[in-house]
Each structure stands twice: as structure tokens, then as C-alpha cells.
Amino acid sequence: MSKDNNPSIHIMRSQLGRVRGLGAAKTGAAHWWAERITSVALLPLSLYFVVSVIVLRGADHAAMASYMGEPWNTVLFLALIATLFSHLSMGLQVVIEDYVREDTKRIFTLLVVKGGIAILALASAISVLKLAFS
Amino acid sequence: MKDVREALMVGRNSEGKLVRRPLSPHLQVYKPQISSATSIFHRITGVALGAGTVLFTLWLVSAAAGDDAFSVVQAIFASWIGLLVLFGFTFALFYHFCNGIRHLAWDAGKGFELPDMHRSGRLGIAAAIVLTVAFWAIALLVG
């Protein structure tokens, strides 16, 4: 932010646009809602995950495969992965948008982080499926 | 100014001249309070859990890869540094879980009174500690 002592405004934006508080994307509420909905879903799912971790401590490949092979566990782990990584993606997006100001840097950081999260999510889901059908 | 966000930082004085609005004092000068501390800690634990998902994925991928890879990963998790990281991970998870419930309550318009907020803040921290200790007690001591 420049520290000029005689500020003036050179922004091509109407007063109405400023009042509505909407940028070019014309959205924002959907992101907010999706963050809340995934967080509500994660309340039971994360407790299920914690219990699973205790059950699976010291498990070998065969024990993991038989656990993930139970239909309930396959479904719940896939649901956990989908919800967890989308919640993470949305949450980190907000953090990045808050702290990384410069456009190029922000877009680059968002692409790297969101791309990385998508890869982690896919790898996790495919591993669960591979265990379930092994 | 070229950045649209700066438009909000400029106002007019009584003579109609554009002036830069005064900025509020920055974060460091405020006394830490339970409301601000729980809020920033929610974000910190959220980011930490994000880093922790790499371990989650590593756990599943190595398990799917077979016993050789899985035993290596489990040995790393069972080492003292692994256990320390996992301990931090579980505390972050339980804190984010408990404080997240506070946020959902606020989203529903409940619990905004200061005494309620302070109480729920302390309760959230205490619950996170209790859950973390309970988790490790069960994980390490039970059967």
C-alpha cells in the first residue's frame, strides 16, 4: 500500500458496485455455505476417522484391506476424503486470499495449493478403493 | 491508488478534500484476549491440519502399496518424532473440531454475549485437551 499524503481515487467502479460489495465474480455466499456444510458433515466423519485410527493402529496391509473392504468403511472413508479435502481447499483459499496480496503471486499460490490438494484427495480415494477391492 | 481495496481507506474531510482514513492500531499492540486467541488459533490449526493431510494420504497410499511400504511408514509414525507430530496433529484436530462448533453456533446467531463467548472459548480449549489425552490414553494403553 503506497503512503501518498494526497490520495485520490482512480478506480473505474460505480458507487452502486461498491455498495453491493460484489466484485466481477458476483458470488461469495456459495463458498461460505459450502464451507459450513462440509464442516457440519465433518463433525461425525472426523469422529469416525479418529475411532478408525484407534481400531487400525498397528494394522498390516491385510488388516487395512479387510477394514476398507467393509462396505460401510469404504463409503465413510470416501465421504471423509471428499468432505475433508474440499473443506481444506476452501479454508486454505480464504487464508491465501487474506495474506497474499499481489495478484500474480496469489493466483499462482492458489493454483499450486488447490492442485496439490486435489492430487492428495485422488491419491487417498484411489488407495481406499485399491485396499477395498484387493 | 489503483487497488480497489484501497478505496475504503479514503474518505472526505469536512472541506470535501480526499484524505486517507486513520488506520486502527496494528495487531501487536492489542492485549491478547481469549476471543482473538481462539480465533487465530482456529486458523493456525486449520493450516496445520492441511499439512497433516499429507500424512493421512501417506498412510492410505502406503497401506494400499503393500506391507513393505506400509511397515516403513508405520515405523516412522511410531518413532518419537512421529508420535510427537501425530500428537500435535490430534490436538489440532480436536481443537479445530471444538472451536468449529463455536463458529457454527455463531453462524446460527447464538452465543454472541461476551460472557458466553469467553466461557465457550475456555470450554473449547479444555475439551480439546481432554479429547487429545483420552485419544492417546486409549490408543497407547487399551488392548
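1. Of the 134 residues of chain A, 17% count as buried; a residue is buried if 20 or more other C-beta atoms lie within 10 Å of its own, exposed if 12 or fewer, and partly exposed in between, with C-beta atoms placed from the backbone. For chain B, buried residues make up 19% of the 143 residues. Please keep in mind that this is a predicted model, in which local features need pLDDT of at least 70 and side-chain atom pairs count only at pLDDT 80 or more, while totals for chains, interfaces and linings use all residues. Residues are numbered from 1 along each chain as its sequence is written, and chains are lettered from A and ligands numbered from 1 in the order in which they are written.

2. On secondary structure, chain A has 5 helices and 0 strands, so its elements read α-α-α-α-α from the N terminus, where helices (H or I, at least four residues) and strands (E, at least two) are DSSP runs numbered from the N terminus. Chain B has 4 helices and 2 strands, in the order β-β-α-α-α-α from the N terminus.

3. A word on contacts within each chain. Two residues are in contact if their C-beta atoms, placed from the backbone, lie within 7 Å. Among contacts with a separation of 6 or more, residues 24 or more positions apart account for 72% in chain A and for 57% in chain B.

4. The overall dimensions of chain B deserve a look. Its radius of gyration is 23 Å, whereas a compact globule of 143 residues would have one near 15 Å; the radius is taken over C-alpha atoms, and the globule rule is 2.2 Å times the number of residues to the power 0.38. Along the principal axes, the C-alpha atoms of chain B fill a box of roughly 75 × 40 × 30 Å.

5. Now to the interior. A nonpolar core is a set of buried Ala, Val, Leu, Ile, Met, Phe, Trp, Tyr and Cys residues joined through C-beta atoms within 7 Å. The largest one has 19 residues, of which Met68(A), Ile81(A), Leu84(A), Phe85(A), Val128(A), Leu131(A) and Ala63(B) touch the most other members. At least two residues of this core come from each of helix H2 (29-55), helix H3 (61-69), helix H4 (71-99) and helix H5 (103-132) of chain A, and from helix H1 (34-65) of chain B. The most, 6 residues, are given by H4(A). A second, separate core has 8 residues, including Leu49(B), Ala92(B), Leu93(B) and Ala128(B).

6. Leaving out residues up to four places away in sequence, Ile81(A) touches Ala121(A), Ser124(A), Ala125(A) and Val128(A). Leu120(A) lies in helix H5 of chain A and is buried because 23 other C-beta atoms lie within 10 Å. Apart from neighbours within four places in sequence, Leu120(A) is in contact with Phe85(A), Thr53(B), Val54(B) and Thr57(B).

7. For the interface, 32 residues of chain B are in contact with 31 residues of chain A. On the side of chain B that touches chain A, strand S2 (18-20), H1, helix H2 (67-78), helix H3 (80-107) and helix H4 (114-141) each supply at least two residues, and H1(B) gives the most, with 12 residues. By class, this side of chain B divides into 20 nonpolar, 6 polar and 6 charged residues; Ala, Val, Leu, Ile, Met, Phe, Trp, Tyr, Cys and Pro count as nonpolar, Asp, Glu, Lys and Arg as charged, and the others, Gly among them, as polar.

8. Leu58(B), Trp59(B), Ser62(B), Ala63(B) and Ala65(B) in H1(B) meet Ala69(B), Phe70(B) and Val73(B) in H2(B). This contact has 7 nonpolar, 1 polar and no charged residues.

9. Finally, two residues of chain B. Ser35(B), in helix H1 of chain B, is exposed because it has 11 other C-beta atoms within 10 Å. Beyond four places in sequence, Ser35(B) touches Met117(B) and Gly121(B). Val19(B), in strand S2 of chain B, counts as partly exposed, with 13 C-beta neighbours inside 10 Å. Not counting residues up to four places away in sequence, Val19(B) touches Pro7(A), Gly11(B), Arg12(B) and Asn13(B).
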